[in-house]
Amino acid sequence: LGAAGMKALVTCSFFPNLTSLNMKAHAMGDTGMQALASCLFFPNLNSLNVAVNRVGTEGMRALAACPFFPNLSSLDISRNGIGDAGMHALAACRFFPNLTSLDASDNGTGAVGLQALETCLFFPKLTFLCVTDRRQP
């Protein structure tokens with residue numbers, strides 16, 4: 001699908017009742033994530049899987065600044081490359097107050113990024129968190 005496909009998908013207004021979107025392994029990169037973060041047509045989205053998409057810091061910053069998914073309860077951003085700066089952006093996100101499940105594993109996040117997430121006050125309903133990183137020694 002890639003970034004171009006994501007740009008096309010997010011302009012489609014035919015899915016106003018969409019609650020779950022699985023975009024795992026579509027090579028959308030930061031550009032595709034930025035397009036997704038600008039989407040106004042998925043107001044009921046509660047589950048988003050964007051694992052394995054080559055998303056970096058800029059893509060994570062775009063998603064973290066997205067106010068359009070207030071019902072999001074499950075987010076899988078695993079196996080991308082958001083790093084510490086991307087984790088900081090996510091930890092500062094105030095737009096996902098209903099988040100209960102977060103898989104942020106295998107993102108090249110170090111102690112600094114994990115500490116930002118650990119001190120995050122904006123996910124009061126979080127019950128599942130995965131931050132393992134098999135790439136770290």
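Tutor: Buried means under 20% relative accessible area, with a 1.4 Å probe and protein chains only. This is a predicted model, where local features need pLDDT of at least 70, side-chain atom pairs count only at pLDDT 80 or more, and totals for chains, interfaces and linings use all residues. Residues are numbered from 1 along each chain as its sequence is written, and side-chain values use heavy atoms, with hydrogens and water left out.

Student: OK, where is N49 placed?

Tutor: N49 lies in strand β2. Strands here are DSSP runs of E, at least two residues, and helices are runs of H or I, at least four residues, both numbered from the N terminus.

Student: And what is N49 in contact with, leaving aside its neighbours within four places in sequence?

Tutor: L21, N22, M23, K24 and D76. Contact means heavy atoms within 4.5 Å. N22 is also the bridge partner of N49.

Student: How many bridges join β1 to β2?

Tutor: Three, and the two strands run parallel. Two strands pair if DSSP finds at least two bridges between them.

Student: What's the strand order in the sheet?

Tutor: It's an open sheet of five strands, β1-β2-β3-β4-β5, with parallel pairing. β1 and β5 (128-130) are the edge strands, each pairing on one side only.

Student: Switching to helices: which residues of α2 are buried?

Tutor: In α2 (residues 29-37) they are G29, G32, M33, A35, L36 and A37. Their cover includes α1 (2-9), β1 (20-22), β2 (47-49) and α3 (57-64).

Student: At what angle do the axes of α1 and α2 cross?

Tutor: Roughly 10°, and the axes come within 8 Å. Axes are lines fitted to C-alpha atoms, for helices over the stretch in contact, and angles run from 0 to 180 degrees between N-to-C directions. The two helices are therefore roughly parallel to each other, a label for angles under 35 degrees.

Student: Which residues make that contact?

Tutor: A3, M6 and K7 of α1, with T31, G32, A35 and L36 of α2.

Student: What about α4 and α5, at what angle do they pack?

Tutor: Helix α4 (residues 83-91) and helix α5 (residues 111-118) pack at about 5°, with axes 8 Å apart. That makes α4 roughly parallel to α5. D84, M87, H88 and A91 in α4 meet V112, G113, A116 and L117 in α5.

Notes:
Parallel < 35°, antiparallel > 145°, perpendicular 65-115°, else oblique. Buried < 20%, exposed > 50% of the residue type's maximum accessible area, 1.4 Å probe, protein only.
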